[in-house]
Amino acid sequence: MKQNSTKGLSEEDQFLQMATNAKKKAEEEKRKPPVPMPYVNPLSLMFQIEMQRQSPENTSDGTVLRQTFIGQETRHSTAPLRSLTRISLQEMQVRRRHEGKHLLCRIITPAVRLVSTTFAIEDPNGWAQVISVYNYPGTQYANERELETLLPVHSVIAIREPWAKMALASDHTHIRIDSPSDIIFLREGDELLANIRWSSGHRPCTILSRSASEWKSVGDKHFRENEYFPASVAYKRALEKQPSLTAARLNRSLALIKLELYDPALGELRVVLDNTDLPTHEKQKALYRSAQAHYGEGQYEEALKMYQKCLILDETLQEARSGVQLCEKRIAEQTTGSFDWNILCEETMFLGNEPDVANFVGPIKIAPLSHRGGGRGIVATRDIVAGELLLVAKPFAVANQGDNKSNAIIAVNFLTSKLNSSRNLEVLHQCVLKLSMGSDNIARDFFDLYAGNEAAHSSNILSHTEETRSIFARDIDSARIEAVCSLNWFGLNNNHTGLTNVRDINQAMFDLGCALYTLPSYFNHACASNANRVFFGSVMVLRASKGIAAGAEVTLSYCSAENPYQERKKVLPKWFPECDCSLCTEDRTAGPSRLSRRVSLTKQSESSEVGVKERFDIIQQLNASYAPTHGSFRPALAFAHLRMARELESMSQYTSNVPLLQRSIQHYIFALEAWEIKVIDGSVEGKNINMDSLPIARTVAPYSLEICGTICMAIFRAFSWLCEELRAEKWLRAAAWMESVTTGGDIHVLKLRHAKLITALDEQASSLLKKIGAGR
């Protein structure tokens, strides 16, 4: 009897085992020879597709749970359709891509969205086959109505250089299409349809039979349901039949703006504004939407001009007046880096809203780096101090934590040997949409990102063909898009708290949102980085965590630096074999024995059963596990001191023991020092207090605001209980400084962040907090 090879494995290990098995099967398939395409009965295939539509596999909570793969071998065609010769299904072979050929066929079933978008086709000879389309824009969460607009039944299509394969997750044949630009919808009278006779007879096609006004009505219905991509397609088909239908063009521009496809929206609006006989109300609408599109692109000067033109037509238009004010604010942010951080913190971190801000680039630039093997990175253009603003970046594509989609998909990523979530796939689909229809500049920025050491830049990566321009702007290289996304997307995580092992880091993409950024993707990794990131919604803000000299590289940490060396080492191979930062170098110097001992001691320290004496012994041994030359960043030791401080604080409250509370403060201070914070005044008693300076140096921003800021607030609270008002004030100001160099916020944001702690303060501490707040 065959035993279950996954028995006893965790859920994640089971999925990773699945990835290994799937890779193995894919390699075995590549080694097998091509075989003739089998005949499939069209009626049987139609019944099969209908069953898939009617009987989805449901999970216990009612969502559809499915599995897919990222990073399989994929191809896309760049050949003009007219240069390809026709091939029939009967002439095709499985496990072969038919280069130089096109398959003429028509859709015979409604499309169904599983992991791919699936439908059945027939060729003129009556042979049928399953088509599996991956990455088709607008289909990831599409309902039946949307799919019917995007892929209408009986539409005649040509598939460029089709690839017949065995399905990786089952044993049936299908034609796999990874690039939506490989599908070309043919129109009535197309030369490729000359002398074509369909063995199954004539079938009416909605693309051909609907009038322009009917297609506009379809688009209007989709738009009212917030189904913007099918709406844009329906309006496009209306315009193909009647280019002068201005209402459809204006509506399409708005649908494209909703999709954040600003460049094609501006293209439609330019056509409208070129009409010299345009009625005033339509001209105003076109100008206002042009302003919206320029604003969305971050072209605030152009947006401002368009809003001003709207006001020339109607000076009472309040939306345009508000637009002018917003543009002026964004221009100031973009040019000076002046943001209202308090409002940003309050609206995003505590109310969960998405901010409306400009991108900003501070004293940094992209540069080639010889120590990175000739690769690129980010360097400082001048000397930078700790806490200085480096970058404010809006995402290229984002799937937020709160997104509630009906499909739950787990993706096994062949490129990284990791699991990806539905949010990763949502970002991938957004990238395909933007790249298939966006401007060349957007595509160039994306495709210039790192896609792996083996990825070669394609000379035709921005290639346009006559066929794809009707719906898509360019041929879509899905393989490169998957590679860029897999190696560059970020989990929307504001801090490292709780990410104590490699599994938690992988889980961040599942529990939090996911996004891809262009400029931030050029920051190389260092566990001991010199810059920190904070997310305001999906807007990434980067600040220097320590002083950076002009010309020096600016780095970010791709993983949690508090993790043990062996755990950090597991996370990084998809980017490079070994991290050369100071922390990793020091850990390698310590040697396996010390590192193993440190991990063991950390586990002991985490136990709630450990007493104070044992904790003290653990701290001594943890300190000895670091080599004498090791720097001051010692996270395992920091956590041990933190646990000791909380234990002593709890005991002191229970017994009203002042020396215990003072010892608690000392361990809080030791924890800060192990987080690389230089403490200038660590005194716990005495009258000689210098109120002109903070108790900490301003040379290093906190590794984690959630940890270090909370420690400062705990010290403030303890000194308040001890009636040490001046010392309490100093540590409160230290917490406020940490807030300012991490989020830009002041005491107002600090109070919001620590509302629970502040609520529990006594009257004297509350009075001190109000006093400092009034002086901000």
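1. Phe633 is buried in this predicted model, with a relative accessible area of 9%; buried denotes under 20% relative accessible area, exposed over 50%, and partly exposed the range in between (1.4 Å probe, protein chains only). Tyr703 is also buried, at 13% relative accessibility.

2. The structure holds 17 aromatic pairs. Rings of Phe, Tyr and Trp (its six-membered ring) pair if their centres lie within 6.5 Å, and planes under 30 degrees apart count as stacked, over 60 as edge-to-face and the rest as tilted. Phe633 and Tyr703 form an edge-to-face pair, with 5.4 Å centre to centre and 65 degrees between the planes. This pair links distant parts of the chain, 70 residues apart: Phe633 lies in the loop between helix H19 (612–624) and helix H20 (635–655), and Tyr703 in the loop between helix H21 (658–674) and helix H22 (705–721). Helices are DSSP runs (H or I, at least four residues), numbered from the N terminus.

3. Phe633 and Tyr703 belong to one aromatic cluster with Phe639 and Trp675.

4. Two charged side chains sit over rings, that is, NZ of Lys or CZ of Arg is within 6 Å of the ring centre and within 35 degrees of the ring normal. Arg210 lies over the face of Trp215, at 4.8 Å from the ring centre. The charged end of Lys434 is placed over the ring of Phe396, 5.1 Å from its centre.

5. Glu614, in helix H19, is partly exposed, with a relative accessible area of 45%.

6. Residues are numbered from 1 along each chain as its sequence is written. In this predicted model, local features need pLDDT of at least 70, side-chain atom pairs count only at pLDDT 80 or more, and totals for chains, interfaces and linings use all residues, while side-chain values use heavy atoms, with hydrogens and water left out.

Key:
Helices (H or I, at least four residues) and strands (E, at least two) are DSSP runs, numbered from the N terminus.
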